[in-house]
Amino acid sequence: MNTPPSPSEASGAAPADGPSVRIGALVPLTRPGWVEAGRHLLAGLELAVRDVNAAGGIDGAPLELVVRDTAADPQRASAAVDELARLGVAALAGEYHSVVARAAAARADALGLPFLCSSAVLDALTEQPTRWVARLAPPQSHGWRVYADFLLGAGHGRIAVATESSVYWASGTRILREHLAPRGGTVIELDMRALTPAAVCDALVAHRATALLLLVGHPDPAVPVVKAVRGDRRLAGLLVGAPAGQPEFGTWAGMLGGDGAAVPFLRYLPERLGALGARVGAALREELGEAPSFVAFEGYDTIAVLAGVLRSGGADRARTAESWPRVAVEGTRGRIRFSRAPGISVWQWARAPIQVVDRDPAAPERFRVLRTGGEGSGGSAG
């Protein structure tokens, strides 16, 4: 297993001598993981650790981040959870890929190790309800229904989905179909295991689709499909969408240029960041050398929550798990509290903000907010 820099290097300067409080971080840092998302997630986690330590750590003890690369591999993530548990971490944080997070959550639940999942949205993060796992990102069923309502509101009723084999993509397709069908919408599945980008274009014409959703990996096959669709005159009026958020990151615009604009996706940010969010956003921009994605803010908020829990209850794992329903932390994107949501097996931040946004064709580096659908209270003042 590849191991990134040592815990002390990852966590920043320690505020005091003595034993540290360790948090295990699961992050996709090598392919086939989405490396850019992992880099943003880790930047948020690390910045929050530095801020916690600058403010005195956990009751005077330094907070350390012990980073493990999941590489989007569920088995590798499970093995990392076992290793981190043996190393004595107080809790787990992170992970971007839903299928990987599900494997990590199952192992954390079995070991009795608290896990605050930063970014994964799959509703069934664990098979059974668990007290050990909490999540910041909104469940897929909520966010993707917001996206489906955006499609309907924009006049799109014949929706094609270019999809790959994955529990996550299959779940997204089911959510879209169940939400759109009673409202007169139709979902047409295009299996990317069998179709070339040119064949996708032909299928879109044959099915008279008005929108194509990319439920596929980035950059391949998402980028070739977008290029093919944008270059096909028969599909000049077709909406291309990517609910999973592929256009959020700079590589999308770098690879596609203007072709990557006007592709709506889900983003988990409020309309305006408060003082804390603005300060963190500026620091993340300096760290990353580019605008921070919502994933970076999720990373920061994950550590902010865990630090608050550890300060109030100590590093005892069982006490941390018992603390989820009592969390009340000002994060970068709003006040974070956890509750039990119907049909969701983990402790859930129910008020995470949700937006449908795209890149502005006139300036692809700028985002346009097309719809808001979360219950978030906006930016925090902090």
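Predicted model: local features only at pLDDT ≥ 70, side-chain atom pairs only at ≥ 80, totals over all residues.
**Figure 1. The largest pocket and its lining.** Helix H4 gives the largest share of the lining of the largest pocket, 3 residues. Residues are numbered from 1 along each chain as its sequence is written, and side-chain values use heavy atoms, with hydrogens and water left out. The pocket has a volume of about 750 Å³, and 33 residues line it, with Trp34, His97, Tyr168, Trp169 and Gly217 nearest its centre. The elements giving two or more residues to this lining are H4 (98-111), H6 (167-180) and H11 (294-313). Sorted by class, the lining has 19 nonpolar, 10 polar and 4 charged residues. For that sorting, Ala, Val, Leu, Ile, Met, Phe, Trp, Tyr, Cys and Pro are nonpolar, Asp, Glu, Lys and Arg are charged, and the others, Gly among them, are polar. A pocket is found on a 1 Å grid over the protein atoms alone: it is an open set of points where a 1.4 Å probe fits, with protein on both sides within 12 Å along at least five of seven lines, and lining residues have an atom within 4 Å of a point. Points are joined across faces, edges and corners, and the volume is the space filled by probe spheres set on them.

**Figure 2. The second largest pocket.** About 350 Å³ of space lies in this one. Its lining counts 18 residues, and those nearest the centre are Arg285, Ala291, Pro292, Ser293 and Phe367. Helix H10 (275-288) and strand S16 (363-372) are the elements that give two or more residues to it. H10 brings the largest share, 3 residues.

Figure 3. Ser166 caps the N-terminal end of H6, with a side-chain oxygen 3.1 Å from the backbone nitrogen of Tyr168. The end C-alpha atoms of H6 are 20 Å apart, which agrees with the 20 Å that its 14 residues should span at 1.5 Å a residue (the expected span is 1.5 Å times one less than the number of residues). The buried residues of H6 are Tyr168, Trp169, Ser171, Gly172, Thr173, Ile175, Leu176, His179 and Leu180. Buried means under 20% relative accessible area, exposed means over 50%, and partly exposed is in between (1.4 Å probe, protein chains only). An α-helix has 3.6 residues a turn, so residues three or four places apart point the same way. The cover over the buried residues of H6 includes H4, helix H5 (140-153) and strands S6 (158-163), S7 (186-191) and S8 (211-215).

Figure 4. Gln140 lies in H5 and counts as buried at 1% relative accessibility. Its side chain joins that of Ser171 through a polar contact of 2.9 Å; such a contact is a pair of N or O atoms within 3.5 Å, where within protein one must be able to donate a hydrogen and the other to accept it, and residues adjacent in sequence count only if both atoms are side-chain atoms. Leaving aside neighbours within four places in sequence, Gln140 is in contact (heavy atoms within 4.5 Å) with residues including Val121, Leu122, Tyr168, Ser171, Gly172 and Ile175.

Figure 5. Ala296 sits in H11 and is buried, with a relative accessible area of 0%. Beyond its neighbours within four places in sequence, Ala296 is in contact with His40, Leu41, Gly44 and Leu284. Ala328 belongs to the loop between helix H12 (317-323) and strand S11 (329-331), and at 32% relative accessible area it is partly exposed. With neighbours within four places in sequence left out, Ala328 is in contact with Arg335, Ile336 and Arg337.

Figure 6. Most residues other than glycine have a negative phi, and most peptide bonds are trans. The bond from Arg31 to Pro32 is cis, with omega near 10 degrees, and Pro32 is in the loop between S1 (21-27) and H2 (35-54). The bond from Asp220 to Pro221 is also cis, omega near 10 degrees; Pro221 lies between S8 and H8 (222-230). Ala71, in the loop between S2 (63-69) and H3 (74-86), has a positive phi near 50 degrees. Glu95, in the loop between S3 (91-94) and H4, has a positive phi of about 75 degrees and is buried, at 0% relative accessible area.

Conventions: Helix = DSSP H or I, 4+ residues; strand = E, 2+ residues; numbered from the N terminus.
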